[in-house]
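Open the model in your viewer and keep the sequence panel beside it. Each stop below says what to select and what is there.

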Amino acid sequence: MFRWLQRTVSGRGRGRAADSSAWNPTGWWWCLDHGRVENPPDAPGHRRLGPYDSAEQAAHWRARLDDRNEAWDESDRRWAAGR
């Protein structure tokens with residue numbers, strides 16, 4: 001079963017290559033372990049955010065998150081008021 005799972009995840013055995021789009025060596029990441037922008041990343045994927053187009057975007061990830069959440073909350077309030 002383990003070999004079947006490896007072939008399924010990698011795409012081998014079905015005539016197509018593995019999906020390499022998950023790794024982008026040209027981007028910038030915010031490392032949750034180190035609290036800094038990194039390129040290349042120095043932490044596993046579940047401990048970093050990105051990739052971002054620039055180091056500045058990676059450094060300001062929290063502001064972007066807060067802005068999006070505010071916009072979504074406002075949209076939810078307008079939707080709830082219209083029901």
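**Stop 1: Glu38**

Select Glu38, which sits in strand β2 (residues 36–38). Strands here are DSSP E runs of at least two residues and helices are H or I runs of at least four, numbered from the N terminus. This is a predicted model, in which local features need pLDDT of at least 70 and side-chain atom pairs count only at pLDDT 80 or more, while totals for chains, interfaces and linings use all residues. Residues are numbered from 1 along each chain as its sequence is written, and side-chain values use heavy atoms, leaving out hydrogens and water.

Is Glu38 buried or exposed? Glu38 counts as buried, because its relative accessibility is 5%. (Buried means under 20% relative accessible area, exposed over 50%, partly exposed in between, with a 1.4 Å probe and protein chains only.)

Now show the side chain of His34. The side chain of Glu38 makes a polar contact with it at 2.8 Å. (Such a contact is a pair of N or O atoms within 3.5 Å; within protein, one must be able to donate a hydrogen and the other to accept it, and residues adjacent in sequence count only if both atoms are side-chain atoms.)

Leaving aside residues up to four places away in sequence, Glu38 touches Trp28, Trp29, Cys31 and Ala43. Contact means heavy atoms within 4.5 Å.

**Stop 2: the sheet**

Switch to cartoon view. Three strands form an open, antiparallel sheet in the order β2-β1-β3. β2 and β3 (48–52) stand at the edges with a single partner strand each, so one side of each has no neighbour in the sheet. Two strands pair if DSSP finds at least two bridges between them. Strand β1 (residues 28–31) is joined to β2 by 3 bridges. Trp29 stands opposite Glu38 in β2.

**Stop 3: the aromatic pair**

Select Trp30 and Trp61. A search of the whole structure finds 1 aromatic pair. The ring centres of Trp30 and Trp61 are 6.5 Å apart and the planes are at 40°, so the pair is tilted. (Rings of Phe, Tyr and Trp, the last by its six-membered ring, pair if their centres lie within 6.5 Å; planes under 30 degrees apart are stacked, over 60 edge-to-face, the rest tilted.) Trp30 lies in strand β1 and Trp61 in helix α3 (residues 61–81), so the pair ties together parts 31 residues apart in sequence. Trp30 counts as buried, at 16% relative accessibility.

**Stop 4: two cis prolines**

Most peptide bonds are trans. Select Asn39 and Pro40: the peptide bond between them is cis, with omega near 0°. Pro40 is in the loop between β2 and β3. Then select Gly50 and Pro51, where the peptide bond is cis with omega near 10°. Pro51 lies in strand β3.
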